[in-house]
Amino acid sequence: MAIRQLSETLINQIAAGEVIERPASAAKELIENALDAGATRIEIATAGGGKALLRVSDNGSGMDAADLELAVRRHCTSKISETLEDIRTLGFRGEALPSIGSVARLSIASRKRDSTGGHEIAVTGGKIAHMRPAAANPGTIVEVRDLFFATPARLKFLKTEKAEAGAITEIVKRMAIAFPAVRFVLSGSDRTTLEFPATGDDHLARMAQVLGKEFRDNAIALDAVREEISLTGFAGVPTFNRGNSAHQYAFVNGRPVQDKLILSAIRGAYAETIPSGRYPVAVLSITLDPALVDVNVHPAKSDVRFRDPGLVRGLIVGAIREALARDGSRAATTGASDMLRSFRPGFQPNSQRPQGGWSAETSPSRPFQPTTGFGERPQASFDGLSMPTARAEPQFSPLPPAPEPNARYPLGAARAQIHANYIVAQTEDGLVIVDQHAAHERLVFEAMRKALHSKRLASQVLLIPEIIDIPEEDCDRLMQHAAELSELGLAIERFGPGAIAVRETPAMLGEVDAHGLIRQLADEIAEWDTASGLSAKLEYVAATMACHGSVRSGRRLRPEEMNALLREMEVTPGSGQCNHGRPTYIELKLSDIERLFGRS
């Protein structure tokens, strides 16, 4: 078979298969062109999910007739010259417009700011029409109609109009976060109008526009530098999480990317702080020398390749973990909102109207007559205890004395224990409800994690070793990692072919369910050994041990013990959530309580 040169139209259609995968791809390319042109206002209009119409209008620098003529031809661009090592623009390949024109009906009207008139050019299925004068405001209007009409087979792979419209919305959101000084308007017959007013240099305000105002209250600022790479942005507190990763945004030198390395680093940074199946909310902006990153990995430019990926991953994980240790222990504000929604008014005037006239004894509005103690039998034992105090007594708390006599305690003073599981504490401006098991589990885990990096954990020798019968293969796995377990204070020995003898347990755990602990560790080791050694998973083992050795639900605590737990939570990193990612406490402001009673 003879080799022949493909036609220009066919070449462009082949290129379009990589560059323009769906209407959202076309929208991304056109918005990038507008931003590269210096636009401060970009308007996007769609119809039929972008398949019938996609129009992008901007007030950028515009183009003259000569530029328009070249813009629709392949490999023509104003953004790079001779090298790919210093790319500082979003677009640079010179393929987007000719690729769109080869599979759709494309028209471009543009006018330079210092020009008295504009020009328009059209491309239909790869055929370029003659240039003609056009009335236009300074800037450019690109209109794409009947996308993929020239390659109808591609239409079969598109999703519903609603799904395609949603993909365009997501593209606009990512661009809006990256460029807060630009006003974005998204409208059309297939959607409600979405507008993001410019916020200037206030990146957090723009993020609140896109991610919701709750993000502002639950975000922790990031600002870290490692060698020649800087990282800025915001990471949500662990208890402020979502059901998918769609709320994770990453930018490299201002370019929105969906890079697997960055997403994996985010996931690793939040390990042991977020429940399985939940995802953190984060906006990360990485800035580095363009020569240290390759943005030419794929025609869609959504993936990048770093020259030193380990350095980038370490920077992300380290910055987020440092931020979480500094400020991540606070509870998400959404916890109070969820709790408020769960409340129902306990008094319905119409349904509880007394029969036979009003009386002080039966009226729902009668003054409250306090009974003994808290008025409830389960709380009667509190009457014999000393009044709770926000001071952590040295004999009950392992923490050193407060550095200042007027030190503030954010988690307040313990006032009651409910159902032998939840601690209610009064703060300066509200109240806090603490899950005592989840909170203590986190405290034990953090103590074990700290000890892992310093010395072998202290252990307690069992008077009579506990013999645990488990399958022989599980015994083999456990014994392979007996040395690592010993570092955690858990000493085990083989006791026959299908049994393990537990001789020592970590001292900080106190009384331990050795049977349950050994069986769970055996299951986890069986899974981890398929990928890596247990030595890389010691923190996960520590989390498992902490769960088995924490204050159990149903244990009655004295006020001094509750206050000591609160004080330790205040100084422990990550105490806002347990090892499984569930919140350890919920804060309810006084204003929220007043709103419940209609006082605000």
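Modeller: Contact means that heavy atoms lie within 4.5 Å of each other. Before applying this, note that the model is predicted, that local features need pLDDT of at least 70 and side-chain atom pairs pLDDT 80 or more, while totals for chains, interfaces and linings use all residues. Residues are numbered from 1 along each chain as its sequence is written, and side-chain values use heavy atoms, with hydrogens and water left out.

Biologist: Which residues does isoleucine 316 touch, not counting those up to four places away in sequence?

Modeller: By that cut-off, isoleucine 316 touches Leu231, Ile262, Ala265, Ile266, Leu284 and Ile286. Ile316 also belongs to the largest nonpolar core, which has 91 residues, and together with Ile42, Phe184, Phe215 and Ile262 touches the most other members. The most residues in this core, nine, come from helix 9 (residues 309–327).

Biologist: What makes a set of residues a nonpolar core, and what lies apart from the largest one?

Modeller: The members must be buried Ala, Val, Leu, Ile, Met, Phe, Trp, Tyr or Cys joined through side-chain atoms within 4.5 Å, where buried means under 20% relative accessible area, exposed over 50% and partly exposed in between (1.4 Å probe, protein chains only). Another core, of 17 residues, lies apart from the largest one and includes Ile470, Ala514, Leu521 and Ala522.

Biologist: Why is the pair of phenylalanine 215 and phenylalanine 240 called tilted?

Modeller: Rings of Phe, Tyr and Trp (its six-membered ring) pair if their centres lie within 6.5 Å, and planes under 30 degrees apart count as stacked, over 60 as edge-to-face and the rest as tilted. Here the centres are 6.4 Å apart and the planes make 45 degrees, so the two rings pair and are tilted. The structure holds one aromatic pair.

Biologist: How do you know that phenylalanine 215 and phenylalanine 240 tie together separate parts of the sequence?

Modeller: Phenylalanine 215 lies in helix 7 (residues 213–217), whereas phenylalanine 240 is in the loop between strand 11 (229–236) and strand 12 (241–242), so the pair links parts 25 residues apart in sequence. Helices (H or I, at least four residues) and strands (E, at least two) are DSSP runs, numbered from the N terminus.

Biologist: Are phenylalanine 215 and phenylalanine 240 buried or exposed?

Modeller: Phenylalanine 215 has 0% relative accessibility and therefore counts as buried, and phenylalanine 240, at 1%, counts as buried too.

Biologist: What makes strand 1 largely enclosed by the rest of the structure?

Modeller: Strand 1 (residues 41–47) has five of its seven residues buried, so the rest of the structure largely encloses it. Two strands pair if DSSP finds at least two bridges between them. Six bridges join strand 1 to strand 8 (residues 183–188), running parallel, with arginine 183 as the bridge partner of arginine 41. Strand 1 is also joined to strand 2 (residues 53–58) by six bridges, running antiparallel, and there glutamate 43 has serine 57 as its bridge partner.
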